[in-house]
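Subject: The structure, and some notes on it

Hello,

Here is the structure I promised to send over. Please open it alongside this email, and my notes follow below.

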Amino acid sequence: MARGKLFEAWTFKLSLPAPFDDPKFSGMHDFGLSQYNTAGRLRKATLHAPSLRALFAYAKLVIATEQGAMTDGMGAIGHQENTFRISEYCSANKTDCVVFNTTTGKFIASQFEDGSDVPKPYTIGAGNGSGTALFFCLMPILEEDAEFQYSFATFKDHMVNGWSDMDGAFECALRLCDNIYRRIESASQVGQAGVKLAVPTTGNIAAISPLALDKGSYAPTGATYGEFKILKVGVSNVVSTPVVSHRDFVGKYALSQRQLTAREDAMVPKLPDWYVIPKEVVRVCEHAKLTSQSSQPMRNFLFRGPAGTGKTMGAQAVAAGMHLPYTLMTCSANTEISDLVGQFIPDTSTAVEQAENDGALPTIADIIMHPPSVYEELTGVYDDAKTEDDVLAKLVEIAVGRLAQKEEKHGQRIRYVDTPLLEAIRYGYVAELQEPSCIANPGVLVGLNALLDNCQAITLPTGERVQRHPDTVIIVTTNSDYEGCRPMNQSIISRMDLIYDIESPDLATMVKRVMNVTGYTDEQEATKMAIVVQDIATRCRQTMITDGSCGMRELKAWVLSTMITKDPYESALSTVIASASADPENRADLITTCLEKQYMR
């Protein structure tokens, strides 16, 4: 079985912390086995450096707390209601802030260098993060297991006693590392003791966004051990952002005094009454407008997040706020640079014009009615002996002759057609570039660097040099969780002026949004349906069902179908269940574990 990202081979080659840094403690051993190690005669246990370092940090923090000693600089572990486990892991002049969602098994993490309040991304990989901070955050969950709890208490005693009994300490450390490994790697096989994680194979852990920090989204409601320094307990850093009305937003962020043509004005999006303008959209408009007079105006933005979180609607709202036309391009695996900036196509306008000037040819009905008359019309010679076959042969001869004359006179003509992206760059529109991370050729987006650089230009295959209009705004929207999506090219990321992670809405927001969009009035029923959608999404992550999707779009389809069928269960089968997976066994599992919890049949 392939190991998860936290237990890749390189993590077992990392140096062990003292006093276990002696070579005799490395390698595999046939003692110190966890009760979850069921490998038969091949049962072995191994010390795992990231797990052991997390155990050390946790043990020191717990001991200091129990003894009433100072815990400053030792980190902290706490929780936010029943959903999140939150920690601050201190090491090497930095603090790793980690949030673990117990429902989804996902981590969110950022690094803060000492003295800095600017978050940096956290990545698991050789030469980057080892995963120790993530294990540290999991410690209270791991300690819910009886074997771990007993072994950890023994481990603390060895630490307090100065590691006087290294043989006993070694066996205890082996058992703890083996317990962690088995319960995570074999989570689905060890029952309630399993700790199911959803760690990206890339090792790129989702970051705690500056917006989430500003909003106090991850403010621990309680500190189990230690004192939080960055994520303050029970404190929201700012008051809730007031709802922005459409009247105070639409058209209020014009980038210039230009006058749109009638066609351009029709391309400006009209926001529906139910749409609640997100803070991220307002921030993008503010940054774009207030930097317009600078030498480097902010014009490139990235919205990143799961499907159905409103990224495209946000891009349209930006266009409405700036009162600019909106265009859209969707990328695929086969997208090439020519698909983004323009293409040559045959110019058929001359041929059509010539056909209109040529005399009309007789129809089959005319030929059948009286062949000699039609032959005379074609040649000027009347002959009673001419048959339908004679007329048809002459007709083909004339048609081929006309085509040859047309090609000789006009030749093959082609013309260059702008794509929606190039049109936006040429005339100053808002262009949304959807899912560029799906593009298979990594060099394609690099070819757009000249256009992403403000006030730069690109030379087309026609020789024309297109200068980027100063009002052009490019919004990249991407979902890195989808099958086929790849990490965004770093040169593109570096050219984004603002990057916003659009988070999945909470239950109350999902219900409100779907009711506003569909006109559904039964809030209690809509809440049940939203719970099912959340459960399906969670189940798919836990069981690695990756051939479908389940989010806001699927919830909307389910609600609309239910308004027609009046049967939520029936509508669920052809909407959220069918969308989640094409595999019959997966769908049966989702029906049993998620749908029937709310709708029994």
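A definition to begin with: rings of Phe, Tyr and Trp (its six-membered ring) pair if their centres lie within 6.5 Å, and planes under 30 degrees apart count as stacked, over 60 as edge-to-face and the rest as tilted. By that rule, there are 20 aromatic pairs. One of them is Phe-56 with Phe-155, an edge-to-face pair with 5.6 Å from centre to centre and 80 degrees between the planes.

Before going further, please note that this is a predicted model, where local features need pLDDT of at least 70, side-chain atom pairs count only at pLDDT 80 or more, and totals for chains, interfaces and linings use all residues. Residues are numbered from 1 along each chain as its sequence is written, and side-chain values use heavy atoms, with hydrogens and water left out.

**Aromatic pairs**

Helices (H or I, at least four residues) and strands (E, at least two) are DSSP runs, numbered from the N terminus.

Phe-303 is buried at 1% relative accessibility, and Tyr-500 is buried at 14%.

There is also an aromatic cluster, formed by Phe-20, Phe-25, Phe-31, Phe-56, Phe-155, Trp-163 and Phe-170.

**Helix packing**

H1 packs with helix H2 (residues 132-142) at an angle of about 50 degrees, with the axes 8 Å apart. Axes are lines fitted to C-alpha atoms, for helices over the stretch in contact, and angles run from 0 to 180 degrees between N-to-C directions. H1 is therefore oblique to H2; angles under 35 degrees count as roughly parallel, over 145 as roughly antiparallel, 65 to 115 as roughly perpendicular and the rest as oblique. On the H2 side, the contact (heavy atoms within 4.5 Å) is made by Thr-132, Phe-135, Phe-136, Met-139 and Pro-140, while the H1 residues include Arg-53, Tyr-58 and Leu-61. H2 is mostly covered, with 11 of its 11 residues buried.

The other packed pair to look at is helix H18 (residues 507-518) with helix H19 (residues 523-542), at an angle of about 120 degrees and with axes 9 Å apart. These two helices are therefore oblique to each other as well. H18 contributes Leu-507, Met-510, Val-511 and Met-515 to the contact, and among the H19 residues are Glu-523, Ala-526 and Gln-534.

**One residue to look up**

Thr-327 lies in strand E11 (residues 326-330) and is buried, with a relative accessible area of 7%. Leaving aside neighbours within four places in sequence, Thr-327 is in contact with Met-267, Pro-420, Glu-423, Ala-424, Tyr-429, Val-430, Ala-431 and Glu-432.

Best wishes

How values were computed. Buried < 20%, exposed > 50% of the residue type's maximum accessible area, 1.4 Å probe, protein only.
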